[in-house]
Amino acid sequence: MKTQDVTVYREIQRNTEMAMKAIDTISDKVYDDQLALQISRQSLKYSELHNEALKELVAAKAEPFRGNHFSDIMLKTGIHYNTLLNTSTGHIAEMMIKGSNNGIVEMEKVLNHNDAAGVKSVDLAKQLIRFEEANVESLKKYL
């Protein structure tokens, strides 16, 4: 496996892991049943994409992405701070949209900087980008 493929797979892992942790942190603040169901489904899809990237890295005997405790704390603290005074459905949807948009930007950057990556890793990355774009569209109705 090329180094660029490893980089793309690790970014997929990092991106999906951050999304799952954000959903886990914010889910107890969601009071709209439809939104709660939607973000639960999103978390499941993130998990599938994460596991697919991990499977490819393990098969190639490459080191998978390892998150750090500090970034986890920063993510959770940011979510708690942003929902301290406002847990409205619109506000939570807006936070989720911003997170998805950040995920899209980061994946696009990695793809642009790793243009020699193989078809398989690029396809998985593009699948994640399309999923994030669909999430943004479906969350807009809650704004």
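Predicted model: local features only at pLDDT ≥ 70, side-chain atom pairs only at ≥ 80, totals over all residues.
R66 has a relative accessibility of 61%, so R66 counts as exposed. Residues are numbered from 1 along each chain as its sequence is written, and side-chain values use heavy atoms, with hydrogens and water left out.

The side chain of R66 has a partner. R66 and E63 meet in a salt bridge, with 3.7 Å from N to O. A salt bridge is a side-chain nitrogen of Lys or Arg within 4 Å of a carboxyl oxygen of Asp or Glu. E63 is partly exposed, at a relative accessible area of 46%. By this rule the structure has 10 salt bridges.

Helices (H or I, at least four residues) and strands (E, at least two) are DSSP runs, numbered from the N terminus. Helix 2 covers residues 33-59, which makes 27 residues. The expected span of a helix is 1.5 Å times one less than its number of residues. For helix 2 this gives 39 Å, and the end C-alpha atoms are 39 Å apart, so the two values agree.

Both ends of helix 2 have a detail to find. At the start, a side-chain oxygen of D32 comes within 3.0 Å of the backbone nitrogen of Q34. This is a polar contact, meaning a pair of N or O atoms within 3.5 Å; within protein, one must be able to donate a hydrogen and the other to accept it, and residues adjacent in sequence count only if both atoms are side-chain atoms. Just after helix 2, K61 takes a positive phi of about 55°.

Which residues of helix 2 are buried? They are L35, Q38, I39, Q42, S43, Y46, L49, H50, A53, E56 and L57. An α-helix has 3.6 residues a turn, so residues three or four places apart point the same way. The cover over the buried residues of helix 2 includes helix 1 (3-26), helix 4 (89-113) and helix 5 (119-139). Cover is judged by contact, which means heavy atoms within 4.5 Å.

One joins E52 and K55, at 3.4 Å from N to O. These residues are three apart in helix 2, so about one helical turn separates them. E52 is partly exposed at 29% relative accessibility, and K55 is partly exposed at 48%. The other joins E56 and K120, at 3.0 Å from N to O. This pair links distant parts of the chain, with E56 in helix 2 and K120 in helix 5, 64 residues apart. E56 is buried at 12% relative accessibility, whereas K120 is exposed at 54%.

Rings of Phe, Tyr and Trp (its six-membered ring) pair if their centres lie within 6.5 Å; planes under 30 degrees apart count as stacked, over 60 as edge-to-face and the rest as tilted. The count by this rule is one aromatic pair. The ring centres of Y46 and F131 are 5.0 Å apart and the planes stand at 80°, so the pair is edge-to-face. Y46 lies in helix 2 and F131 in helix 5, 85 residues apart in the chain. Y46 is buried at 3% relative accessibility, and F131 is buried at 15%.

Two further residues show how sequence and space can be compared. L75 lies in helix 3 (residues 69-82). L75 and K21 are 54 residues apart in sequence, yet 8.1 Å apart in space, C-alpha to C-alpha. Not counting residues up to four places away in sequence, L75 touches M18, K21 and A22. K21 also belongs to a network of salt bridges with E17 and D72.

T89 lies in helix 4 and is partly exposed, at 24% relative accessible area. T89 and V110 are 21 residues apart in sequence and 32 Å apart in space, C-alpha to C-alpha. With residues up to four places away in sequence left out, T89 touches D32, L35 and Y142.

Note on methods: Buried < 20%, exposed > 50% of the residue type's maximum accessible area, 1.4 Å probe, protein only.
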